[in-house]
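Hi everyone, thanks for coming. Please have the structure open and follow along.

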Amino acid sequence: MSGSAGSLRVVLACAPAPFGGLESVLAGLALGLAGRGHEVHVAATLDRDDQPHAVLDPLDPAGVTLHRLAPPPRAYFAERRALEALLARVRPAILHTHGYRSDIVAGWAGRRAGVPVVSTAHGFIGGDLRNRAYEWLQCRALRLADRVVAVSLPIRDRLRRAGVP
């Protein structure tokens with residue numbers, strides 16, 4: 001469950017955009033944990049496994065193991081199975097999810113694998129019916145996480161109103 005004495009083995013899961021706040025927070029967290037001697041893995045769900053990524057590509061040379069997952073579009077069960085297989089191989093002490101897709105799919109995989117799930121809630125954008133449905137699903141998934149971190153007080157308050165402890 002952990003690397004060397006006193007260190008943790010952590011998997012950070014995301015479905016990153018080419019750039020943005022979530023991606024910057026995840027990269028900073030991964031680099032900071034690796035710099036403190038923890039074994040850090042990033043499971044990134046991408047459109048293609050050979051897709052270059054400005055935020056993720058610098059992580060591997062800095063000591064973070066990058067796992068590129070490229071399931072077919074909307075193949076959420078296949079994505080969950082790939083994440084479960086990754087968790088079984090890596091055997092992390094913690095799975096830390098970022099973003100609605102990872103909160104839902106990776107969180108589901110982590111719970112099935114018996115790995116404690118921590119999630120960082122980065123924000124809600126509302127918008128069209130599809131986005132609001134994703135946010136509704138995300139809040140349901142966050143209710144099952146072992147811990148939830150909100151990046152701001154308004155997000156914390158919205159999560160509490162949605163029943164997220």
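Let's begin where two helices meet: Tyr 100, Asp 103, Ile 104 and Arg 111 of H3 are in contact with Tyr 134, Leu 137, Gln 138, Ala 141 and Leu 142 of H4. Contact here means heavy atoms within 4.5 Å. Sorted by class, this contact of H3 with H4 holds six nonpolar, one polar and two charged residues. For the classes, Ala, Val, Leu, Ile, Met, Phe, Trp, Tyr, Cys and Pro count as nonpolar, Asp, Glu, Lys and Arg as charged, and the others, Gly among them, as polar.

A word on the background before I go on. This is a predicted model, in which local features need pLDDT of at least 70 and side-chain atom pairs count only at pLDDT 80 or more, while totals for chains, interfaces and linings use all residues. Residues are numbered from 1 along each chain as its sequence is written, and side-chain values use heavy atoms, with hydrogens and water left out.

Back to the helices. Helices (H or I, at least four residues) and strands (E, at least two) are DSSP runs, numbered from the N terminus. H4 covers residues 129–142, and its axis and that of H3 come within 8 Å and cross at roughly 35°. Axes are lines fitted to C-alpha atoms, for helices over the stretch in contact, and angles run from 0 to 180 degrees between N-to-C directions. The crossing of H3 and H4 is left-handed. A crossing gets that name if the near helix is turned anticlockwise from the far one by less than a right angle, and is right-handed if clockwise.

Now please look at H3 together with H2. How do H2 and H3 cross, left-handed or right-handed? Their crossing is right-handed. The contact uses Tyr 76, Phe 77, Glu 79, Arg 80, Leu 83, Glu 84 and Leu 87 from H2, and from H3 Arg 101, Val 105, Ala 106, Trp 108, Ala 109, Gly 110, Arg 112 and Ala 113. By class, that contact of H2 with H3 has nine nonpolar, one polar and five charged residues. The axes of H2 and H3 come within 9 Å, crossing at roughly 50°. H2 and H3 are therefore oblique to each other. The cut-offs are these: under 35 degrees is roughly parallel, over 145 roughly antiparallel, 65 to 115 roughly perpendicular, and the rest oblique.

Some of those charged residues deserve a second look. A salt bridge is a side-chain nitrogen of Lys or Arg within 4 Å of a carboxyl oxygen of Asp or Glu. How many salt bridges does a search of the whole structure find? The search finds eight. In one of them, Arg 80 pairs with Glu 84 at 2.9 Å, N to O. Arg 80 and Glu 84 both sit in helix H2 (residues 76–90), four residues apart, about one turn of the helix.

Glu 84 also forms a salt bridge with Arg 112, with the closest N and O atoms 2.5 Å apart. This pair links distant parts of the chain, as Glu 84 is in H2 and Arg 112 is in helix H3 (residues 100–113), 28 residues apart. Is Glu 84 buried or exposed? Glu 84 is buried because its relative accessible area is 17%, whereas Arg 112, with 54%, is exposed. Buried means under 20% relative accessible area, exposed over 50%, and partly exposed in between (1.4 Å probe, protein chains only). Through shared partners, salt bridges join Arg 80, Glu 84 and Arg 112 into one network.

Another salt bridge pairs Asp 50 with Arg 48, their closest N and O atoms being 2.9 Å apart. Asp 50 is exposed at 52% relative accessibility, and Arg 48 is partly exposed at 45%.

Next, two buried residues. Ala 30 lies in helix H1 (residues 21–35) and counts as buried because its relative accessibility is 0%. Leaving aside residues up to four places away in sequence, Ala 30 touches Leu 12, Val 40, Val 42, Leu 59 and Val 64. Ser 102, in helix H3, is buried as well, with a relative accessible area of 3%.

Last stop, the loops. Arg 74, between strand E3 (65–69) and H2, has a positive phi of about 60° although it is not a glycine. Arg 74 is exposed, with a relative accessible area of 68%.

That's my tour, so over to you for questions.
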